[in-house]
Amino acid sequence: MGLSLRSWIANEGGKHCILITWLSVSAWIFWRTFILYCSGAEYHYLHKMLGLGLCISRASATVLNLNCSLVLLPMCRSILTVLRGTRQVSSKKARRLLDKSKTFHVTCGVAICVFSVVHVGAHLVNVVSFSVRYSDEFPALNVAHYRGQDPHLLILTTVPGITGVLLVLVLFLMFTASSHSVRVGNYEIFWYTHNLFILFYVVLLMHVVGGALKYQTNVDAHPPGCIPANQTRAHSDTWPNQEVDGELVAESREMSLVCKEDAHFQPHFPQTWLWVLGPLCLYCGERLYRYIRCNASVTIVSVVRHPCDVIEVRMLKNSFKARPGQYVLLNCPSVSSFENHAFTLTSCPTENKETFGIHVRVVGDWTACFSELLLPDLEHSEILPMTNQRRYPNCAVLPAPGCMWMVRLAVHQRKFSIMKSVCVWLAASELRLSPVSCMLSLMSGVVINCRGCILCGCAES
Amino acid sequence: MGKIEWAMWANEQALAAGFIYLTGGIVGVAGQFSGWKFAAFGIAAGVFVCLLEYPRSKRIKGTNFERTGQYCFTVCVKAFGPLTRNYYVRAFLHAVLCIPGGFMLATVLGCVCLGIASLIYLSAAIHGEHWEPILPEAEPTKHVSQSIKQPPQNPPPRPPADMRRKRLDDLEAAAYVNPIPVRE
């Protein structure tokens, strides 16, 4: 029991710690904003008009700000790679946490969806309140033009309303295309809808500019609930005579309740810009960096066909560094301009050789087209390694970090023992051989020719 | 690139839209806002759409992902035959169901989301897709061959090692006949 608890803490503790921290921060900022709008002096009149809908909508907006900024950070894969590789993050626990970046991204995404529902619901109530409780006393607070104005018009004729509708639609498309079945079945739908994020963020930055909700700027001169000066003079004429002390108290109370000036209202500075612009610029910079890096040419040196519909592609790229266990994203514009497909490296560049290789199993349409371009018309050929001098299509390779396989190899004296232990371990853990072969080739200094059957489950090497 | 199955995405959208329609309808009826009758219609339409869209269709190629407990819904939806099989019918149905939702604020979101799902279903129908039920396949009875029932009692009949060693000089003498016939 003690050992399992310690193991759990070592393996899962970090992840749960971050989750609890994130939940606590979200709960705290929700509660703080809720209280501010419920009982803050500068929102007194607005709260009187809108009620609970104001507090819930603003509190959920703050949580949305936090999550919209956090959701981008786990997707900065190049930065995560640098962190993983540096000496600053050398502990296995920290690396395991960095490997959970996608899970954190999904968590923040789900939080955005949930709080968007809350935010939209609260604002729909606010729209009705703006219409029904039109304020004649403080016209500057109103969004409606007259009492009883159709709430639909309020949504469709204001900047926050139109941008809000657009945001909900984009989020709906992104959310429905992110389900597991769509990702597995039709990754293109997921990929193209998820790239609508840039539209989402641009519209979000415009959504907060509307200035529908205002705060009172002169709370000192006009404390909430004070009596206007003209009404006070009328009261003092009819005020009953008091004793000396009582009169002084009554007068001082009267003075504090008198409004020195009318209430002034002003829209907020769009706080969302402060939350979101930093991570957005960081992520866009990273995408630009990846694009520039992948534009460097990649030369396909050789293509080898193996049994079980596997082709081995050896490539060469300037200053390409990789370690066993990492994978690359391959893009071939001749096949598809926008698709990047991940393949684990089966051999990495070393001091002796600069080429790196991947094994591609032809399963889907992209791999079928790709293999057809590389090795066309091979139905009648022998199943032997075939290397031809030919013009291969241009490809781009993106190093895709963040996928370090935790491979533990039993160190034995003889090579065949290593292979035995690896095979047994693979059978137990259902791990593919690609990263292991890469590691073995690096360790032994010999290029291990993996037969294609490995990748489809037959254990031979 | 490749054949996209639009119906899978449309199904996810329609299910989510049905749920949003239902929630908006409940809020509209509970708050007794003006036009709450449209909200009541939203509740009914939302429930209907959720029930219709719950069972996933069989994929053209690849693994099928069933939703939990969808078998009974599959049987019910399958019973309507071409009405539920055809995606043109579904696209039209969703378009018709979503229109009343636009007249009430609480159900506006459900209306728009269901409208988008209707458009995606139309795209799926144009691409020739249709709904196929995911039914458990009856496993073919495994024919157990006779030899498995009776494992061999004795090791294979082998003469001693020196006899088995290949004698190239005397091939005639090296040949032997198995004492027990080997069955296929």
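How far apart do the end C-alpha atoms of residues 12-30 of chain B lie, and what percentage of the span is helix?

1. The structure is a predicted model. In chain B, the end C-alpha atoms of residues 12-30 lie 27 Å apart. The span is 100% helix and 0% strand.

2. For residues 36-54 of chain B, the end C-alpha atoms lie 27 Å apart, with 95% helix and 0% strand in the span. An unreviewed UniProt entry lists residues 12-30, 36-54 and 92-122 of chain B under "transmembrane region".

3. Over all chains, the count of aromatic pairs comes to 18. Trp31(A) and Phe34(A) are stacked, because their ring centres lie 6.1 Å apart and their planes meet at 10°, an angle under the 30 degrees required for stacking.

4. Trp31(A) and Phe34(A) both belong to helix α1 (residues 2-39) of chain A. The two residues are three apart in that helix, so about one helical turn separates them.

5. Is Trp31(A) buried or exposed? With a relative accessibility of 54%, Trp31(A) counts as exposed. Phe34(A), by contrast, has 15% relative accessibility and therefore counts as buried.

6. The charged end of Arg67(B) sits over the ring of Tyr54(B), at 5.8 Å from the ring centre.

Terms used. Residues numbered from 1 in each chain as written. Chains lettered and ligands numbered in written order. Predicted model: local features only at pLDDT ≥ 70, side-chain atom pairs only at ≥ 80, totals over all residues. Heavy atoms only, no water. UniProt positions renumbered as here; feature names shortened; annotations may be inferred. Helix = DSSP H or I, 4+ residues; strand = E, 2+ residues; numbered from the N terminus. Phe/Tyr/Trp six-rings, centres within 6.5 Å; stacked < 30°, edge-to-face > 60°. Buried < 20%, exposed > 50% of the residue type's maximum accessible area, 1.4 Å probe, protein only. Lys NZ or Arg CZ within 6 Å of the ring centre and 35° of its normal.
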